[in-house]
Amino acid sequence: MSEIARGLEGVVFTESDLSYIDGQQGKLYYLGIPIEELAEKSSYEEVAFLLLHRRLPTRDELSAFEEKLKARRGLRVEKVASFVDYPRDVHPMAALRTAISELGLFDPKEEDLDPENLYETGVALIAKFPTVVAALKRVREGKLPLEPRDDLSHAANFYYMLNGEVPSPEQERVLDVALILHADHGMNASTFTALVIHATASDLYSSIVGAIGALKGPRHGGANEAVLKMIQGIGDAAKVPEWFRERLEKKERIMGMGHRVYKAYDPRARILKRYAEKVATAHGRSREYEILEAIEREAERQLAPKGIYPNVDFYSGVVYSDLGIPPEFFTPIFAVARIAGWVGHILEYTEKDNRLIRPRAKYTGELDLPYVPIEQR
Ligand code: ACO
């Protein structure tokens with residue numbers, strides 16, 4: 001048997017045009033377009049189209065796609081009502097996982113694996129994820145969920161449903177950029193999970209529910225929430241050098257740092273850092289930002305030589321907090337963005353490969369042992 005690739009590191013199992021990470025140079029591309037270009041000039045709706053169709057839309061195609069998303073934002077009343085029965089103290093990612101599973105129960109075409117139905121269901125999920133996440137937040141706060149508004153963009157409507165007010169153009173833009181930056185990222189753990197489930201010919205909801213489960217973990221999407229808890233635990237930038245030293249001595253990880261593929265600065269973190277700096281100075285969030293900068297300074301000396309730099313989760317929390325999003329909802333926001341990548345990869349895999357994914361483990365046990373009766377063990 002071939003050598004063991006622990007954590008599947010370096011294993012290539014399929015082809016994909018969706019996104020490319022140059023881990024040495026710290027570059028990211030969606031369909032060949034640098035992420036910086038998309039973050040500056042595109043919208044989440046356009047990026048979602050790009051990931052589903054593997055090309056940029058024309059103006060008419062984009063308008064039609066935006067309308068399609070708007071038309072699918074709503075949830076059935078009984079669906080929203082069931083959120084009220086979820087325990088209030090569960091993690092919102094657990095609630096999201098359950099809610100998306102429930103959406104599948106109410107979809108009569110859940111088992112239809114025809115590519116056209118996969119596409120339509122995928123678009124519906126992209127449209128509904130913000131509505132579900134916002135409804136979960138409002139219910140947790142003891143408030144009524146808000147109906148989506150079809151006069152607002154994907155990001156603006158999401159902000160409105162979360163906070164009950166229409167965002168300023170700046171707030172809308174920040175959320176739109178954050179969604180663009182998180183929309184896809186190669187063969188990451190949650191995307192791989194989605195593909196493993198999809199390749200068994202299971203339904204789309206099962207794939208997405210599995211992906212949510214993978215994203216929830218603090219080594220993956222859950223890191224953004226862990227970063228904010230880390231900042232709150234430190235409390236003051238002056239305490240960072242000692243905190244950092246103790247943390248490394250105890251062999252504990254600095255959350256929001258390091259990446260399996262990037263051995264350079266994550267380009268998404270660079271973009272979010274600019275926004276974090278902006279909101280820090282404009283809206284009095286300098287304490288959190290200063291702590292992050294102090295951690296980055298320590299990491300520059302002690303971790304950068306090992307190729308460990310800030311990743312996308314390092315600065316996103318400051319930006320989300322400024323948008324009125326509580327820390328436990330940071331990872332659900334990530335899911336609202338990443339659903340486009342999950343669906344895009346599923347559509348692409350269906351078209352190009354569609355083969356069962358089934359690796360092996362090197363067997364290290366014994367063989368032909370006798371069966372010992374229970375009373376003799
Ligand atoms: N802080 C301190 N040391 C670290 C960190 C970190 N954040 N990340 C990696 N290292 C060190 C490890 O201790 C190890 O050192 P050693 O060789 O001296 O033992 C070395 O770097 C390699 O670590 P691995 O765990 O083998 O690297 P892997 O590729 O498996 O780790 C991971 C990637 C899980 C993301 C890791 O960097 C980590 O735990 N980071 C913190 C959590 C985080 O921010 N996750 C979000 C990732 S981005 C995303 O999913 C959206």
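The side chain of E296 makes a polar contact with the side chain of Y315 at 2.4 Å. A polar contact here is a pair of N or O atoms within 3.5 Å; within protein, one atom must be able to donate a hydrogen and the other to accept it, and residues adjacent in sequence count only if both atoms are side-chain atoms. This is a predicted model, so keep the thresholds in mind: local features need pLDDT of at least 70, side-chain atom pairs count only at pLDDT 80 or more, while totals for chains, interfaces and linings use all residues. Residues are numbered from 1 along each chain as its sequence is written, and side-chain values use heavy atoms, with hydrogens and water left out.

Back to E296, which sits in helix α14, residues 286-302. Helices (H or I, at least four residues) and strands (E, at least two) are DSSP runs, numbered from the N terminus. E296 counts as buried because its relative accessible area is 12%; the scale is under 20% for buried, over 50% for exposed and partly exposed in between, with a 1.4 Å probe and protein chains only. If you skip neighbours within four places in sequence, E296 is in contact (heavy atoms within 4.5 Å) with M257, Y265, K273, P310, F314 and Y315.

Now zoom out to the domains. The chain is assigned domain 1 (16-219 + 332-352) and domain 2 (223-322), with bounds that come from an automatic or database domain assignment. Their centres, taken over C-alpha atoms, are 26 Å apart. Across the boundary, 24 residues of domain 1 are in contact with 20 residues of domain 2.

How much area do domain 1 and domain 2 bury between them? About 1,800 Å², with 68% of it on carbon and sulfur atoms. In domain 1, V174, L181 and H182 lose the most area to domain 2, and together they make up 25% of what that side buries. Buried area means the accessible area (1.4 Å probe) that two parts lose on being put together, summed over both.

As for polar links, there are five residue pairs in polar contact between domain 1 and domain 2, both residues at pLDDT 80 or more, but zero salt bridges. A salt bridge would need a side-chain nitrogen of Lys or Arg within 4 Å of a carboxyl oxygen of Asp or Glu. On the side of domain 1 that touches domain 2, the elements giving two or more residues are β1, β2, α1 (35-41), α8 (169-181) and α16 (330-352). Helix α8 gives the most to that side, with five residues.

Strands β1 and β2 also belong to an open sheet of three strands, ordered β1-β2-β3 with antiparallel pairing. The edge strands are β1 (19-22) and β3 (33-34), each pairing on one side only. Strand β2 (residues 27-30) pairs with β3 over two bridges; two strands pair if DSSP finds at least two bridges between them. Y30 stands opposite I33 in β3.

Most residues other than glycine have a negative phi. K251, in the loop between α12 (240-249) and α13 (267-282), has a positive phi near 60°, and at 76% relative accessibility it is exposed. N354, in the segment after α16, has a positive phi near 55° and is partly exposed at 43%. L367 is also found in the segment after α16, and is exposed at 65%.
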